[in-house]
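Let's take a walk through this one together. Have the sequence and the 3D view open, and we'll go from contact to contact.

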Amino acid sequence: MNKTIILGIESSCDDTSAAILRGNNVLSNVIANQKVHEKYGGVVPELASRAHQQNIIPVVEEAISKANIKINEIDAIAYTNGPGLMGSLLVGSSFAKGFSLGLNIPLISVNHMHGHILSHFINDDEMKKPEFPFLCLTVSGGHTQIVLVETHLKMKIIGQTIDDAAGEAFDKSAKVLGLKYPGGPLIDKYSLDGDVHKFTFGKPKIKNLDFSFSGLKTSIMNLINKEMMKDSEFINQNLNHLCASIQHSIVEILIDKILKASKQTGIKNIAIAGGVSANSYLRKRLSYMDEHNIYIPKFEYCTDNAAMIAIAGYYKYLNNDYAMLNEVASARLKF
Ligand code: KG4
Ligand code: ZN
């Protein structure tokens, strides 16, 4: 049995998370969500970093206690080094550096987006591991990418958004409908009782493997403004249909591009990752794609969590790829 124990730390946005992995097995994965942002309609960076400071020690203590290990059994600490909010990243990275120094164990820096992709390699009966090479549609609040993954550590972006991320498209649309932040899960929920074809919105015309969602947002706002002028109850009376139609449009844009990428590369192994991969309609649409091998992560590994950082750290650990104490966190860390 592999005995390598890694502590993972994730603090790139508004979730403070710590996880303990033994090899590919998750012993604990603790997440503290920050409710403070709800009323502002988006994450407030200064409030996020303050909340991380309050959460980080209790979250790490809980992860160690739930894993039922002793602190000196930890072989290495992996943390998110970017991309993300600078103040938030600094809390996790400073903690990780202090921890590594204090315990005299290796420090491993992880790119948040690699973490989302590598969450597929966590041992879990409900998840099968993708075969290499595979394409990963990585869709979150800050990113939308198609990544060609050749090995655990060798991957490259072959398509990405030129404006908003898919999660942003969900959240901004939700805001227009008067829903709370983050609106993605709410649109998912209200869509269940809506007609996906009730409203149609313009599709972007981007020729390569890149995405664009800004036109969709304008198209939604134009419809809402026009209809609300006629009837101020329009949103209330059509909330389910609006959500279902918006969700359908976003998911169709994603599916079209991943199919195009599959055709271009000849790769039939397709995975999804990131917060938007929790979307039930996207998951359903993918499950109908019989000619492809589809890999869908468990819900708890879709949105931000430290288990994904620990598993990415584990593969870097096996490769002796360690960080120095002077490694600088980067809000725009390169892939
Ligand atoms: O990966 P993630 O937790 O954080 C970032 O790295 O950004 O992704 C958060 C994003 C948010 O935009 C949120 O609205 C979206 O994922 N999201 C969803 C769902 N669950 C989370 N979007 C659509 N449907 C969902 N069920
Ligand atoms: Zn994320």
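Let's start with R50, which counts as partly exposed because its relative accessibility is 48%. Bear in mind as we go that this is a predicted model. R50 has a salt-bridge partner in E46, with 3.1 Å between the closest N and O atoms. E46 is partly exposed too, at a relative accessible area of 45%. Why do these two line up? R50 and E46 sit four residues apart in helix α1 (residues 45-67), so about one helical turn separates them. In general, side chains of opposite charge can pair when their charged atoms come close.

Now for a pair with a longer reach along the chain. E252 and R285 meet through their side chains in a salt bridge, 2.9 Å from N to O. E252 is buried, with a relative accessible area of 14%, while R285 is partly exposed at 22%.

E300 and K298 make another salt bridge, and here the closest N and O atoms are 3.7 Å apart. Here E300 is partly exposed at 40% relative accessibility, whereas K298 counts as buried at 18%. Elsewhere, D164, E168, K172 and K217 are joined in a network of salt bridges. The count for the structure comes to 12 salt bridges.

What about the cysteines? A search of the whole structure turns up zero disulfides. C136 is in no disulfide, and the nearest cysteine sulfur, belonging to C302, is 10 Å away. C136 is also buried, at 0% relative accessibility. For C243, the closest cysteine sulfur is again in C302, but it lies 20 Å off, so it is too far for a bond. C243 is buried as well, with a relative accessible area of 0%.

The ligand is surrounded by 19 residues, and the closest are G141, D171, D188, N279 and D304. So where does the shell come from? Helices α3, α4 (166-176) and α5 (184-191) each supply at least two of its residues.

The side chain of H112 has an N or O atom 3.2 Å from an oxygen atom of ligand 1. For D188, a side-chain N or O atom is 2.8 Å from a nitrogen atom of ligand 1. G275 takes part through its backbone, with an N or O atom 3.0 Å from a ligand oxygen. On its own, ligand 1 would expose 550 Å², and the protein buries 89% of that.

Notes:
Residues numbered from 1 in each chain as written. Chains lettered and ligands numbered in written order. Predicted model: local features only at pLDDT ≥ 70, side-chain atom pairs only at ≥ 80, totals over all residues. Heavy atoms only, no water. Disulfide = S-S within 2.5 Å. Buried < 20%, exposed > 50% of the residue type's maximum accessible area, 1.4 Å probe, protein only. Salt bridge = Lys/Arg side-chain N within 4 Å of Asp/Glu carboxyl O. Near = heavy atom within 4 Å. Polar contact = N/O pair within 3.5 Å; in protein donor to acceptor, adjacent residues only side chain to side chain. Areas by Shrake-Rupley, 256 points an atom, 1.4 Å probe, with all protein chains shown as cover.
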